Amino acid sequence: MRSVRIALLVAVAALAASAHASSAGVAAPSGLHGFLLRADETATASFHRTPSFAWNPVAGATRYQFQLATTSTFRDNGILYDNSQLSTPVEAPPLTLPWITGSPHALYARVRAFSASGVTPWSESFGFDVVPPTPPSPLPSYPGLLRWTPVEGADEYQVWLIDTHKMEFVRSNVLDEREFYTFHQAQSWIGSVRWRVRAVRGDTFNSRINGVPVSHFGAWSPIYSSSNPAPSGGPITLIGTLSDVFSDGSSDAPAQRLMPGFLWSGNQSLAGTAAELYRVYVYTDRQCLNLVYASALIGSPAYAPRPFGALAIPQDGAALSAARGIYLADGVEAGGLSYDGTTISPTEQLPAATPTTAVPGDVPSAGAPGSGSGSGSGSGSGSGSGSGSSGIAVSGGLGAPVDLWDTNWPESGYYWTVVPVSASALGAAASTVAAPGASVGSALVPVADSSSFAKGLTVTIGTPPSSDTGTIVSISGNSITLSAPLKFGHAEGEAIVANGSSVVYQDLELPEDVCAAGRVQRFGIESEPSLTTAQAPFATGLSATGRLTSAADTSSFYGQPLVAWTPALGADIYQVQWSKTRYPFVAEIDPRTNTKGFLTFSTSSVLPLRPGTWWYRVRGFDYNLPTGAQQMGWSDPQKLVVSTPKFKVVSTPTKKRKFKVAP
């Protein structure tokens, strides 16, 4: 009996070996590798964001299974992603991968094929790493504005203002230095600014099977130091707008790809009145009537939008005096009035917008043919990614909608100007310096009318940066004596304002007046993804002859191709559509979502195209635009041809082996 048992065990092992040989009769997939835009790009095993994957097709394959893991042995608790329903040898995983490196690698991909005769062995694993991008580095800028290199794929940036002990989040690659200039413009405050910056990414694609956490932050830059000259006087003069490019407003200047910073010099109104505070306005018309953006109140000669609030501007005279010796915290700005008395609401203090999470446009009923371009705003069903995710959700604070919509530059654009702003105490004692004026080093100040002043009252004389603040120790006729000598001389007519009452911040000019006088400049915004190189689309798939290929080597594909695009600066999510015609572009219905195309956080996707000639396009959505109007510009439609195969896939029968069980 013992010999019979041994013989039976040998036979079972042989049968198992036969079954494995049968499924392995077709070789495992080969050539598995990762890429960002196209499968024929230079081979690498290091990526800054989740790559796409491709491999050589397997004859007779009806589908493929693809896996990502944090272990080369693909243990269950190391599996990050698993998709067993791939019809072509390409995959665009819809998930965010962590920054992760190993020796030799920390992430691994593998694939196997299914056919009528069974399943192939797994392919050799492809090892790779996802490394954070190089920290941003400083770019040349102008007084009052920090600027750094944009990071591809970054959702926003965190800037560490070392001397103010503040962290600021912005979506563009510029940050104004409002903390340093506002209410103190001496070189000791603004001469040198130390800062660090790092890129921030989202983790909306958090569908990792094993739940491994993902960092939102790239590496901090080194400490940078930016210097500023002393503020310039004279009439306010517009310089230009600056983000990744500089524009002076001329028709041959480039369009901005990010919401820019606004630059000017000087501190005087058209009437020659000097000021220490400013406000930027943006309009759609040259006459500066149709307002689309009102900046926060700042003291710097540059302004860049911040989605998470303005400075905590002082609301009374005492706080105003104190502000001249501290860096202001972030907070609520109040008390702002236009020149004609209208209340000003800075765009930075608007409520956060609701993010777009469904395909805009009408959602047809099941089976209904597609119609229209799908480019309007609206709501749709929960949209899937290009790789079949079930829906999209966005959480977290997005900040105020401080970006502007794309324009067709230079045919259309925006018009901007800046006006000086005064700070005045309401209901407080006030007068002006009387003749012959007050001298440097003297504590005695002649005033036009001393009746509203009292001993112990703190007053400010003149306009910063040449103002003096002191406490009245005595009053004699129309003269007041301060507790300390003056640091600046003050001429007849300069303001003397008591501190301690509420403060109103009022524009010294009407924007439409200064625009009419020529203090106005144009700029445009254009940010769209690129679908092609100069030679061919970023597309990968099966050729009509059954080979893995890219659009650089073929004019048509068999089966569903994978398309990719470059990240659009400022985009949070992308919409992909395809049409049977370039013009008019009539978006087809995605059979997976029953919507006109789909939304994805990835920069690549597999398109569910049938044989025929197609045109596809991609656009981004900027969550710092207002609710319902967050769409950016469409890319130019790109042609794809999906053909019927010119080859016939035949599976080869495997030989059957017989085993005899020993008696």
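Where is the place of Asn 594 among the strands? Select Asn 594 to begin: this residue is in the loop between β38 and β39, the latter strand spanning 595-596. The coordinates come from a predicted model.

Next, select Phe 74. Its phi is also positive, near 55 degrees, and Phe 74 is a residue other than glycine. Look for Phe 74 in the loop between β4 and β5 (79-86). Phe 74 counts as buried, at 6% relative accessibility.

Two cis peptide bonds follow. Select Ser 103 and Pro 104, which are joined by a cis peptide bond with omega about 5 degrees. Pro 104 has its place in the loop that runs between β6 (90-91) and β7 (107-115). Then move to Tyr 583 and Pro 584, where a cis peptide bond has an omega of about -5 degrees. The loop holding Pro 584 lies between β37 (573-579) and β38 (589-590).

Now select Val 58, in the loop between β3 (52-54) and β4 (61-69). Is Val 58 buried or exposed? Val 58 counts as buried, because its relative accessibility is 12% and the limit for buried is under 20%. To see its surroundings, display Val 26, Ala 27, Pro 29, Tyr 64, Ala 113 and Thr 120; Val 58 is in contact with these residues, leaving aside its neighbours within four places in sequence. For a distance label, pick the C-alpha atoms of Val 58 and Ala 113: they are 6.9 Å apart in space, while the two residues are 55 apart in sequence.

The last stop is the loop between β24 and β25, which contains Asp 403. Asp 403 is buried, with a relative accessible area of 10%. Which residues is Asp 403 in contact with, leaving aside its neighbours within four places in sequence? They are Arg 171, Met 259, Asp 622, Asn 624 and Leu 625.

Stay in this region and select Glu 411, whose place is in the loop between β24 (336-337) and β25 (414-425). Glu 411 counts as exposed, at 60% relative accessibility, whereas Asp 403 is buried.

Definitions and conventions:
Residues numbered from 1 in each chain as written. Predicted model: local features only at pLDDT ≥ 70, side-chain atom pairs only at ≥ 80, totals over all residues. Heavy atoms only, no water. Helix = DSSP H or I, 4+ residues; strand = E, 2+ residues; numbered from the N terminus. Buried < 20%, exposed > 50% of the residue type's maximum accessible area, 1.4 Å probe, protein only. Contact = heavy atoms within 4.5 Å.
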